[in-house]
Amino acid sequence: MTISEFEQEFMGHVPEIMGTKAHYAVLVPLVERDGELSVLYEVRARTLRRQPGEVCFPGGRMEAGETPEQCALRETEEELAIPRQEVEVLGRPDFICNQAGFLMQPVLGLVSAAGFAAVAPSPAEVGEAFTVPLAFFRETAPEQYVYALQPDVPGDFPYETVGIPADYRWARGRVEVPIWYWQGHAVWGMTARL
């Protein structure tokens with residue numbers, strides 16, 4: 001490969017995290033209720049194949065050419081019937097790179113009173129929607145659990161060929177799993193981290 005070919009290949013390339021299999025975006029919807037900000041959540045329909053009954057934010061897999069904002073607003077409209085124009089995008093908090101190989105990109109948005117009044121969960125995707133005062137999260141520490149990510153190296157790994165000892169210290173990791181409980185709902189995992 002020539003320098004010119006390298007340049008052609010990489011000049012317009014937008015770097016991303018290696019090994020990323022999919023990009024998802026969610027809206028972290030804030031609503032004003034009784035003079036204070038609350039976070040709007042949904043509960044996934046029990047009929048869904050993946051994560052039925054779990055508390056989450058509206059969102060899903062990004063389509064080709066879609067920005068996180070476009071995806072989050074589209075999915076919110078599909079799942080909760082909140083019109084896109086009734087959400088003021090406030091910014092993009094830190095994202096999560098999951099060990100399963102996907103990016104979860106949150107979009108922070110303020111839902112207007114008219115948008116909140118329009119909430120009508122799609123029965124195919126959403127069992128219910130509920131709000132939690134933002135102050136609750138500031139005043140209440142979550143329960144914290146941690147699990148280890150440990151390497152599972154195959155027995156036939158060629159240690160000698162790659163020049164490392166058989167007792168090589170492989171990198172390990174850990175995942176924190178916060179859980180908040182609110183009126184019969186558990187806000188946990190990636191949703192709680194966001």
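Analyst: Seven salt bridges are found when the whole structure is searched, a salt bridge being a side-chain nitrogen of Lys or Arg within 4 Å of a carboxyl oxygen of Asp or Glu. The model is a predicted one, in which local features need pLDDT of at least 70 and side-chain atom pairs count only at pLDDT 80 or more, while totals for chains, interfaces and linings use all residues. Residues are numbered from 1 along each chain as its sequence is written, and side-chain values use heavy atoms, with hydrogens and water left out.

Arg-74 takes part in a salt bridge with Glu-63, at 3.7 Å from N to O. Arg-74 belongs to helix α2 (residues 68–80) and Glu-63 to the loop between β4 (59–61) and α2, so this pair ties together parts that are eleven residues apart in sequence. Helices (H or I, at least four residues) and strands (E, at least two) are DSSP runs, numbered from the N terminus. Arg-74 is buried, at 9% relative accessibility, whereas Glu-63 is partly exposed, at 45%. In these terms, buried means under 20% relative accessible area, exposed means over 50%, and partly exposed lies in between (1.4 Å probe, protein chains only).

Arg-74 also meets Glu-75 in a salt bridge, with an N to O distance of 3.0 Å. Both of these residues, Arg-74 and Glu-75, are buried. A network of salt bridges links Glu-63, Glu-66, Arg-74, Glu-75 and Glu-78.

Helix α2 is also joined to another loop. Glu-69 and Arg-92 form a salt bridge in which the closest N and O atoms are 3.8 Å apart. Since Glu-69 lies in helix α2 and Arg-92 in the loop between β5 (87–91) and β6 (96–97), the pair ties together parts that are 23 residues apart in sequence. Glu-69 is partly exposed, at 23% relative accessibility, and Arg-92 is likewise partly exposed, at 44%.

From Glu-75, one may turn to strand β9. Gln-144 stands 69 residues from Glu-75 in sequence and 30 Å from it in space, C-alpha to C-alpha. Gln-144 lies in strand β9 (residues 143–149) and is partly exposed, with a relative accessible area of 47%. Leaving aside residues up to four places away in sequence, Gln-144 touches Glu-176, Val-177 and Pro-178, where contact means heavy atoms within 4.5 Å.

The cysteines come next. The structure holds zero disulfides, a disulfide being defined as a pair of cysteine sulfur atoms within 2.5 Å. Cys-56 is in no disulfide, and the nearest cysteine sulfur, that of Cys-71, is 13 Å away. That distance of 13 Å between the sulfurs of Cys-71 and Cys-56 is too far for a bond. Cys-56 is buried at 10% relative accessible area, and Cys-71 is buried at 0%.

Thr-131, in strand β8 (residues 126–133), is buried at 13% relative accessibility. The side chains of Thr-131 and Arg-33 make such a contact at 2.8 Å. Beyond residues up to four places away in sequence, Thr-131 touches Val-31, Arg-33, Ser-38, Val-39, Leu-40, Phe-116 and Trp-182. Thr-20 is placed in the loop between α1 and β1 (22–33), and a polar atom of its side chain lies 2.6 Å from the backbone oxygen of Ile-17. With residues up to four places away in sequence not counted, Thr-20 touches Gly-101 and Leu-103.

Gln-51, although not a glycine, has a positive phi of about 55°. Gln-51 sits in the loop between β2 (36–44) and β3 (55–56) and is partly exposed, at 38% relative accessible area. Gln-183, another residue other than glycine, has a positive phi near 45°. Gln-183 is located in the loop between β10 (173–182) and β11 (185–188) and is exposed, with a relative accessible area of 66%.

Terms used: A polar contact is a pair of N or O atoms within 3.5 Å; within protein, one must be able to donate a hydrogen and the other to accept it, and residues adjacent in sequence count only if both atoms are side-chain atoms.
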